[in-house]
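Trainee: I am new to this one. Can we go through it step by step?

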Amino acid sequence: MKKTYQFRIYPNKNQEVILNRTLSTCRHLYNDSLAERKRQAELNRLKKEFEVFPWGKPDWINYYDQKRELTATKTSFQKEVYSQVLQDVIKRLDRSFKNFFNGFGYPRFHGRNRYNSFTYPQSGFGLEDDKINLSKIGNIKIILHREIEEPIIPVETKTETGIDVGLSSLITMSNGGQIEPPEFLRESEDKLTQEQKRLSRKKKRSQIKNMMQNHHLAKSISDAGWNQLIGLTKSKAEYAGKVVELVNARNTSQNCSGCGNSVPKDLSVRVHSCPFCGLELDRDHNAAINILNRSISTVGTTGINARQGLLSRGSMQRDAQAL
Ligand SMILES: [Zn+2]
């Protein structure tokens, strides 16, 4: 669990300028990334409604895409800001989109007065005497009017496990182990089955409409379950000094964990059988290994391993095609 403390800082004139510039860079990044997502949403709408691709084939962009793009195309302003601070801006945008999909307002562009904080999420900061050291900003005078509790001592990385989760299937780990889903997920599944039955009884009215409703309903029920599972796993892990990382689920069940080739299969195919390298594995086991590999490769490319030696991590995804 996180604890929040507030302390007053006393930057000098120069530091004040840098702090304001950092805020401004973050705000621009937030607004630009939001604009990019809006543009993509519009392209997808055009595609759905008119089957036209005026500016090439649109893809849905997510947090990982935007983070990757940020790393690849930093402006000179962005280079002056600690990289994790910038990544956190993309994370904020992602969170506000998640909130939107959970029924809150659509993310808004932020004016100068409405964007007033930035975050060092894991590293790049430290306390020494009466100074707080912020990477790329400097040592700023701080009044520590109360003690800061020591965080739980992080443990060294010894094991990493990829986890594939699915509503209909079990929780499957990259070592091949499987676990029954907890009660709350099974309840979601029961509700889902009931709703599917109820809707299929009403099929006469409009076949397509019911399928749509069914799909949306199924998605919202399962999302609630996943969020609960992820939340519980994260807080458990935090107490144990471990890390849970969510990875992009795209193609993890379709790609071969042995050779990387794409082996398309629909949901009814429960065994991954690779015509290229001959690997034969349980479908979810194959996905869990891909998830593990994805997590490790993410560390290499984005600098998440700047985590000051934390790291025993688990990885988890939701199977985008579970429904
Ligand atoms: Zn293969």
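Mentor: Start with a definition: two strands pair if DSSP finds at least two bridges between them. Keep in mind that this is a predicted model.

Trainee: How many bridges link strand S3 and strand S4?

Mentor: Strand S3 covers residues 131–134, and strand S4 covers residues 138–143. Pairing needs at least two bridges. The two strands pair in the antiparallel sense, and the number of bridges is four.

Trainee: Which residue in S4 is the bridge partner of Lys-131?

Mentor: Strands of a sheet pair through backbone hydrogen bonds, either parallel or antiparallel. Here S3 and S4 pair in the antiparallel sense. In S4, the partner of Lys-131 is Lys-141.

Trainee: In what order do the four strands of the open sheet lie?

Mentor: Strand S1 (8–10) and strand S2 (125–128) each pair on one side only, as edge strands. From strand to strand, the twist averages 35°. The pairing is antiparallel, and the order is S1-S4-S3-S2.

Trainee: What span does helix H4 reach from its first C-alpha to its last?

Mentor: H4 runs over residues 83–101, which is 19 residues. At 1.5 Å a residue, 27 Å is expected. The model comes close to that, at 28 Å.

Trainee: Is Phe-97 of H4 buried or exposed?

Mentor: Buried means under 20% relative accessible area. Phe-97 has 3% relative accessibility.

Trainee: What kind of aromatic pair do Phe-97 and Tyr-106 form?

Mentor: Their ring centres lie 5.6 Å apart, and the planes stand at 80°. Planes over 60 degrees apart count as edge-to-face. Tyr-106 is partly exposed, at 33% relative accessibility. The pair is therefore edge-to-face.

Trainee: Tyr-120 and Phe-125 also form an aromatic pair. Which of these two is buried, and which is partly exposed?

Mentor: Their centres are 6.4 Å apart with 75° between the planes, an edge-to-face pair. Phe-125 has a relative accessible area of 39%, so Phe-125 is partly exposed. At 13%, the buried one is Tyr-120.

Trainee: Finally, what share of the protein's residues counts as buried?

Mentor: The protein has seven helices and 11 strands. It exposes about 19,900 Å², with carbon and sulfur atoms supplying 53%. Of its 323 residues, the buried share is 39%.

How values were computed: Residues are numbered from 1 along each chain as its sequence is written. This is a predicted model: local features need pLDDT of at least 70, side-chain atom pairs count only at pLDDT 80 or more; totals for chains, interfaces and linings use all residues. Side-chain values use heavy atoms; hydrogens and water are left out. Axes are lines fitted to C-alpha atoms, for helices over the stretch in contact, and angles run from 0 to 180 degrees between N-to-C directions. Buried means under 20% relative accessible area, exposed over 50%, partly exposed in between (1.4 Å probe, protein chains only). Accessible areas come from the Shrake-Rupley method with a 1.4 Å probe; for residues, only the protein chains shown count as cover. The expected span of a helix is 1.5 Å times one less than its number of residues. Rings of Phe, Tyr and Trp (its six-membered ring) pair if their centres lie within 6.5 Å; planes under 30 degrees apart count as stacked, over 60 as edge-to-face and the rest as tilted.
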